Amino acid sequence: MSNIVAKDSTPTRLEGKFKAIVVCWFLGLGSGVAWNSMLTISDYYYALFPTYHPSRVLTLVYQPFANVTVLILALYELKLNTRKRNIGGYMLFTASTFGLIVLDLATHGAGGIGPYLGICALVACFGIANAFVQGGVMGDLSFMCPEFIQSFLAGLAASGALTSGLRLLTKLIFNKHHNGLRDGTLFFLAISTLLEFVCIFLYAYIFPKLPIVKHYRAKAASQGSKTVAADLAAAGIQTGDVEPEERLSNTELLRQNWDYILDIYLIYVFTLSIFPGFIFENTGAHHRLGAWYPLVLMALYNVWDLISTYIPLIECLKLENRIGLMVSVLSRYLLIPAFYFAGKYADQGWMMLLTSFMGLTNGYLTVCVLTAAPKGYKGPEQNALGNLFVVFLLAGISSGVALDWLWDL
């Protein structure tokens, strides 16, 4: 087996960088496809459980499990085996999505409180899996090159665009079939399960053996990181006993990055206060798309969210100024009255425009914040910072979901 590289060494060539970027994209896709599948098949669950507010209730079920789990994992990230954490998370995603298919087949697509509670239990598993994967992978990628984080976030955004596109396609294909809505949903969930299973293979067997990934992990290990030992062992590198360097505590990292943390929190408070609950329940009846309307709005949001994650790759369009980021994040809140009046009085074109702009700013600002923040820190600190960002990202989602109920007042 190879020995660990010196802490100040740099690779003469960054072999495998493009492959790593592609794998990161798929890992992001797999981390988001389960939950986005739940959001996208809300039309089916509204047909089964019309009085249970599924898009809002399921989100409220999901968030506490995700938040508590990711907080615990962030507090103990120094002692965690990142390899087992991430593989376990993708396995739980796969099993839970497959569980939705099994539950529906076992109950023959029946409504009622029993199947609904079963769905809620599986959604709670999604929350736990998300905490394992997003925090673990973001921490892992934070001490690698920024392009890996961007690609992971692009894959995460693509999960929304892909699930929306697949949902529209399956709805179109099965629309005229008997039980077409149910058949399309089951077919859609089967594809999602397959995508999540692929991520287990990619993370376990492909990603750790790429030369550039081995370099960054070995460098982090030389700086005292213990979380990468299992991944390095899987790639044939033994770390041995390395004297850990002093690193900033989580409190110090939070103090130095309070504005970035607040940015990521506020980005998702705004987005989730509108998407998906408002989109499904408060967009009014002044449109001609019928049951297709919320699906089209979700597809628009997801497509523009995906496109915007690539804008920061153009250096002149990347926003890194900390004050500029804060102003941009806060300015999104000026759209809240626009959404209110568009939902009540405007036609579908205005709502489509606002939803598209929300997706555009969501993806762009997320990538700008998460690629700028880890610069200048040691590997273990970057890993910790990546985990902390996911804690506050999920906290922002939870706050947004809770505030979403205010639209009904």
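Student: Which helices each supply at least two residues to the lining of the second largest cavity?
Tutor: Those are helix 2 (42-48), helix 4 (82-107) and helix 5, helices being DSSP runs of H or I with at least four residues, and helix 4 gives the most, with four residues. This is a predicted model in which local features need pLDDT of at least 70, side-chain atom pairs count only at pLDDT 80 or more, and totals for chains, interfaces and linings use all residues. Residues are numbered from 1 along each chain as its sequence is written, and side-chain values use heavy atoms, without hydrogens or water.

Student: What volume does that second cavity have?
Tutor: Its volume is about 60 Å³ (a cavity is a set of points on a 1 Å grid where a 1.4 Å probe fits but cannot get out, and lining residues have an atom within 4 Å of a point). Its lining includes Tyr45, Phe49, Asp104 and Ile119, and by class there are eight nonpolar, two polar and one charged residues.

Student: And the largest cavity, which residues are closest to its centre?
Tutor: The largest cavity, of about 430 Å³, has 28 lining residues, and the closest to its centre are Trp35, Asn36, Leu156, Tyr268 and Ile397. Helix 1 supplies the largest share of this lining, five residues, while the classes are 14 nonpolar, 13 polar and one charged.

Student: Changing topic, what is the mean pLDDT of the chain?
Tutor: The mean pLDDT (the predictor's confidence in each residue, from 0 to 100) is 86, and 91% of the residues reach 70 or more. Over residues 1-10, however, the pLDDT is below 50. Where pLDDT is low, the predicted coordinates should not be read in detail.

Note on methods. Contact = heavy atoms within 4.5 Å. 1 Å grid on protein atoms, 1.4 Å probe; cavity = no way out; pocket = protein on both sides within 12 Å on 5 of 7 lines; lining within 4 Å. Points joined across faces, edges and corners; volume = space filled by probe spheres on them. Nonpolar A, V, L, I, M, F, W, Y, C, P; charged D, E, K, R; others polar.
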